[in-house]
Each structure stands twice: as structure tokens, then as C-alpha cells.
Amino acid sequence: MSTHAQANSSDASIAFAQTASVRASRDYTMPALIVGLVGTAIALLGFFTGMSAGDSRPLFSWLIGLSFWLSIAIGMLFMTLIFYIFHAKWPTVLRRQLEHGIGLFPLLAVLFVPLLIVPFIHDDPGILWKWMNAERYIVGGGSVATDPLFLHKSAYLNIPFFIGRVIFIFAVFAILGYVLRRLSFQMDKTGDMANFHRARIFSAIGIFFCAAAVTMAAIDWFKALEYHWFSTMYGVWFFAASMRAALSVTLILIVVLASRGVLKGLFNQAHRYDLACLMFAFTVFWAYISFSQYFLIYNANIPEVTFWYNIREKNFDGSLNSWWWISLSLIFLHFLVPFLYLLFYKNKVTAKRTLFIAAWILLFHLLDIYFNILPGKLPLENPAELGYVVRQFSITFYDIAALAGIGGLCIWSYLRSMKRVAPLPIRDPNISASLAHHE
Amino acid sequence: MAKQFGLLARFKDTPDLFHAAEKVRDAGYRKWDTFAPLPIHGLPAAQGLGRSRVPVFTLIGGFCGFWIGLLMVWYMNLYDYPLLVGGMPFFSPIFPFPIAYELTILLAAFGTLIGMFVMNTLPQHYHPLFNSEQFLATSSDQFMIAIESSDPQFNTEATRLFLEEIGGTDIQVIEE
């Protein structure tokens with residue numbers, strides 16, 4: 001009897017999923033795929049032509065584009081884990097959207113491969129990550145191989161270990177994403193509570209691996225660009241930034257789906273309020289981490305670490321450079337404006353106002369990614385002269401191609417995942433509590 | 001005879017109280033309140049109350065805390081007792097930031113606490129409603145509405161009839 005009823009409602013859920021996807025106003029799967037393929041093709045063209053010309057800027061474009069979309073997926077993975085661990089009931093209504101997001105890791109891992117093969121096919125393996133080329137000349141004299149700071153870090157910064165870590169990082173993300181998706185989709189079909197319990201246990205264990213993977217990713221891919229630098233809270237910065245990006249994307253997705261898509265009428269004021277409160281909390285957390293990092297380095301005042309902020313303020317001759325303005329806009333526009341804006345209740349519950357601030361945060365999150373990746377010390381043409389050049393802020397054609405291309409592929413994969421399952425985890429034990437959520 | 005405070009009426013259960021509150025609100029009364037032994041979701045809206053104004057106090061407290069913290073360090077380090085530490089400037093907005101930040105939180109919390117007292121008009125050592133034996137039962141199992149005589153619409157007879165009409169029982173006159 002009960003199995004019969006379950007089979008019936010499982011059919012119903014599939015039918016629901018199908019009608020829901022049919023009901024979605026327009027199908028953007030193909031346009032997303034086309035934008036994705038064209039964008040990545042252009043960005044990769046730039047990547048390889050730049051590489052043969054010895055120009056690293058298109059490589060940075062690829063890293064920026066990839067990091068932006070990766071950070072969103074990482075934030076979504078963390079949200080899923082945290083919601084499971086805390087047995088949070090209200091976010092059940094938005095969990096399916098997170099589950100589509102955490103299915104992106106295999107795709108993102110494939111898109112990381114171009115960066116991984118650079119050291120093997122290029123004359124200068126250190127074109128992007130300087131430490132990969134032991135003969136590379138460094139600012140201040142000598143080469144990487146004779147650099148005491150490199151020698152002390154070489155147990156960590158070496159190519160075999162680097163590749164091992166890349167595999168570990170993507171394996172953790174992809175496995176966590178795969179298992180959590182599978183358990184949740186299985187729950188839809190069978191309604192077996194064991195799936196839910198397994199997901200909770202898996203999340204509690206997985207979050208440790210996830211934290212380790214995010215820290216390694218931030219250290220290896222961003223911090224090691226200027227490998228002289230030290231900062232123990234850099235991994236936490238990337239976590240905070242990822243959470244802000246993911247919360248903004250989730251809010252945009254849900255508000256759009258609830259106003260004209262498959263979640264029509266299911267996302268109420270209390271859901272918006274709670275999601276916006278989380279956005280507020282992570283705005284403060286991001287500022288707290290970013291400031292603490294600056295504060296410790298400022299107070300200790302050691303040249304090995306202050307240079308990282310120096311090049312983000314001034315050129316070698318002491319004149320302010322383009323990063324000075326980016327730094328200030330991060331403080332005032334990425335922190336202060338969202339902070340003051342989200343203090344007000346109306347701004348947290350009105351759908352249009354939440355959309356505005358989510359888009360705002362996402363835009364400045366991208367700027368934060370630029371700020372963390374792009375600046376670097378470039379040696380002068382004449383090594384005998386004292387000084388360096390700072391790689392300045394710029395938005396290039398390849399940046400846009402990489403962002404749009406990788407984004408297109410991610411959206412394509414996301415939409416494909418959306419078509420496969422119901423728009424809500426309908427058999428989840430907390431779904432009715434979540435739908436009835438109120439302030 | 002002592003001055004009259006208002007009328008107190010008893011209601012059967014939560015839905016009764018909720019719907020009666022909506023009717024009192026719609027009748028245009030302003031000085032009245034509901035009493036229940038448990039928090040009831042949505043009752044403030046049924047009473048026609050807006051959101052709490054305590055956040056305003058929190059904001060003012062936080063704002064004051066931030067600037068007090070910053071100005072305190074500015075005065076101490078630049079004028080009162082200038083101390084050269086590690087070649088840093090005597091004053092910069094960077095290093096007093098933790099102090100400003102902590103004081104923001106502290107005074108925001110104080111502001112919230114003060115705001116709660118002010119908006120609830122606490123402490124209040126005497127309230128006429130406590131003269132009623134019947135009223136004391138609201139802290140265990142009774143639901144009640146009291147309409148005050150100081151309400152411009154209040155009229156002892158008309159209001160008594162109104163309370164009966166919306167389902168109130170055991171209507172009592174409460175004296176100051």
C-alpha cells in the first residue's frame with residue numbers, strides 16, 4: 001500500500017518536474033551554450049596566442065573568469081553543507097537551486113585544465129605562477145631558484161604537489177556535489193529518510209574537507225601569484241567572498257524563478273528577509289576578514305608582507321596607481337554601501353530592492369577578484385635599475401570573453417540540471433515547514 | 001469614586017482574540033492592547049501595529065560608538081599622550097578601527113537595551129490592570145483585550161456593547 005502510494009507520488013513528482021520545465025517561459029539552454037562555446041573559444045584563443053607571445057594578461061583573464069564562477073559554486077556548496085549541518089528548515093525551498101549549482105564542479109575542473117598544462121608546454125613555465133620557473137628573474141635581483149623565500153616554501157610550492165592539490169581540490173568539490181545531489185534526488189523518488197540522514201552525516205564530515213580545499217585553492221591559485229607574501233587568513237577571505245557571491249546569485253535566481261518561473265509564489269517575504277540577513281552577515285564577515293588581514297600586516301609592518309598592499313596603492317615612485325581607487329571602492333562600495341543598505345528592513349524584503357543589492361554585491365565581488373589576482377610586481381626592462389612596474393587594473397576583451405564564456409557554460413549546465421528534477425525537494429521532511437516559513 | 005482606566009474583556013481562545021483584535025483595530029481604537037499567555041504570530045499586524053522602533057536606538061548607539069572610539073584614540077594619541085609606535089603616524093584611521101568597531105557594537109547593544117525600555121515605557125511599577133483579579137489569569141490561560149478610557153472614541157456604554165459584539169465576555173470596568 002505504502003510502496004504503491006510512493007510509486008504514484010514519484011510519478012507525480014516527475015510529471016510535476018516536466019510540466020514545470022515546460023511552463024518556464026523561455027528556454028535559455030541553447031543560447032547559454034552558444035555564448036559559452038563562443039566565449040571560451042575566444043578566451044582560449046587569447047590564452048594560447050598570449051602564451052606564445054609571452055603575454056600573461058590573457059592567462060589572467062582566464063583565471064579571473066574561472067575564479068568568479070568557481071567562487072559562486074563553492075559558496076553554494078558551503079551553503080548546502082551548512083544548511084544540512086544546522087538542520088535549517090526554512091532554506092529547504094531554495095536548496096534545489098543550490099544543488100544545481102554544486103553540479104558544476106566537473107565542468108569547472110575541465111575548464112581549469114588549460115592553466116594546468118601551461119608549465120609543461122611553455123618555455124617560461126612561470127608565465128602565470130612565477131614560482132613555477134626556477135630561472136625566472138625576480139624583482140630585487142636573483143632568480144626564483146636562489147630566492148630564500150622560495151626555497152623555504154618549495155616543499156609546498158612545487159609542480160607535482162601543485163597538481164596533486166588541484167586534483168584533491170576538485171575531487172573534494174565534485175564528490176561532495178555529486179553525493180549531495182544524488183541523495184537529494186533519490187529522496188525525491190523514494191522518500192526514504194535514510195537519504196536525508198546520510199546527507200546530514202556526509203555534510204558534517206565533508207565540510208572539513210571543503211574548508212581545506214577552499215583554503216588550498218585560495219593559496220595556490222591567488223596567493224601564490226606573489227609567492228613572497230604571507231597571510232594566514234587568506235583562505236577565509238576566499239570563503240567569505242564566495243559566500244557573498246553565492247548568496248547574491250541564489251537570491252537573484254530565486255526571486256526571478258518566484259516571480260516568473262517554476263517557483264511562482266513559493267518564495268515569500270520571510271525567505272527574502274532571511275536570505276538578505278545572511279547577505280548582511282557575510283558582508284560584515286567579509287569586511288572583518290579583509291580588514292583584519294590588512295590590519296595585521298599594517299601593524300607588523302614587515303616588508304615581506306607589506307609589499308602586497310603597497311603595490312595595490314602605489315607605484316614604485318610613490319605615486320598612487322589604479323589599484324588605490326579599486327581598494328577604496330572595495331571599502332566603500334563593496335562593504336559600506338551594502339552594509340548601510342541592508343540595515344533597513346524594507347531593503348531586505350522588497351523583491352526589487354534585494355535584486356538590486358545582490359547584483360551590486362556580485363559586481364563588486366568581481367572587482368574583489370580582480371584586486372586579488374591581477375596586481376603584481378613586474379621587473380623593469382633593464383634589470384640593473386632599481387624598481388619594478390605594477391601590473392595595473394584593466395578590463396580587457398579577453399576578460400569579458402572568459403567571464404561570458406565560462407558563465408555561459410555554467411548556465412547551460414545549470415539549466416540542463418534544472419530540467420532533470422523537480423524544482424523543489426518535494427519529499428524533504430522540512431519542505432512544508434519551509435513553504436510555511438514566516439517571520 | 002476613582003477615575004476609570006478602561007474596560008477589560010475576556011476572549012475564549014487564540015483565534016477569538018486574533019479576530020477580535022482585528023475588529024478593534026478596524027473600529028479605529030488607538031489606546032488599547034491585547035494580553036495573552038503565549039506569543040501569537042501575526043498579532044501585532046492584527047492590532048495594526050507597525051514594526052518596532054527599537055532599531056532606531058540601535059543605529060544611534062552604533063553611530064555614536066563608532067565616532068566616540070575614533071575620536072577617543074584621535075585625542076589620546078595626537079594630543080593627550082602622543083606615543084611613537086613602530087614608526088606609525090600618531091593618528092591614522094587604521095589602528096583605532098578595532099576600538100571604534102568594538103564601541104560600535106557595545107553602544108549599539110546599549111542603544112537596543114535603552115530603546116527596549118523606552119519604547120515599552122519601562123520600568124512601570126504600577127499599572128491599573130493589576131487591580132483586576134481576572135487580569136492576572138492572562139499569565140496562565142486567559143486571553144484579554146483592554147480598551148482605555150483615554151481613547152478619543154471611548155464611551156463606557158458603547159465600548160462595552162462593542163466588546164460584547166466582538167465576542168468578549170466578563171467585561172469589567174478597571175479603575176485607576
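In this predicted model, Met72(B) is found in helix α3 of chain B. Its relative accessible area is 34%, so Met72(B) counts as partly exposed, a class that falls between the buried limit of under 20% and the exposed limit of over 50%.

Together with Phe63(B), Trp67(B), Leu71(B), Trp74(B), Tyr75(B), Met76(B), Leu78(B), Tyr79(B), Leu84(B), Phe90(B) and Ile99(B), it forms a nonpolar patch. The accessible area of these residues, taken together, is about 1200 Å². Helix α3, which spans residues 54–80 of chain B, supplies the largest share of this patch, with nine residues.

Chain B is divided into two parts: domain 1 covers 4–51 + 126–175, while domain 2 covers 54–119. Taken over C-alpha atoms, the centres of domain 1 and domain 2 of chain B are separated by 44 Å.

Attention now turns to Ile166(B), which lies in the loop of chain B that runs between α6 (156–165) and β4 (169–175). With a relative accessible area of 10%, Ile166(B) is classed as buried, because the limit for that class is under 20%. Which residues are in contact with Ile166(B), leaving aside its neighbours within four places in sequence? The contacts of Ile166(B) are Phe11(B), Ala20(B), Lys23(B) and Val24(B).

Note on methods:
Residues are numbered from 1 along each chain as its sequence is written. Chains are lettered from A and ligands numbered from 1 in the order in which they are written. This is a predicted model: local features need pLDDT of at least 70, side-chain atom pairs count only at pLDDT 80 or more; totals for chains, interfaces and linings use all residues. Side-chain values use heavy atoms; hydrogens and water are left out. Domain bounds come from an automatic or database domain assignment. Patches are made of residues with over 30% relative accessible area and no salt bridge: like charges are joined within 9 Å, nonpolar side chains (Val, Leu, Ile, Met, Phe, Trp, Tyr) within 5 Å. Accessible areas come from the Shrake-Rupley method with a 1.4 Å probe; for residues, only the protein chains shown count as cover. A salt bridge is a side-chain nitrogen of Lys or Arg within 4 Å of a carboxyl oxygen of Asp or Glu. Helices (H or I, at least four residues) and strands (E, at least two) are DSSP runs, numbered from the N terminus. Buried means under 20% relative accessible area, exposed over 50%, partly exposed in between (1.4 Å probe, protein chains only). Contact means heavy atoms within 4.5 Å.
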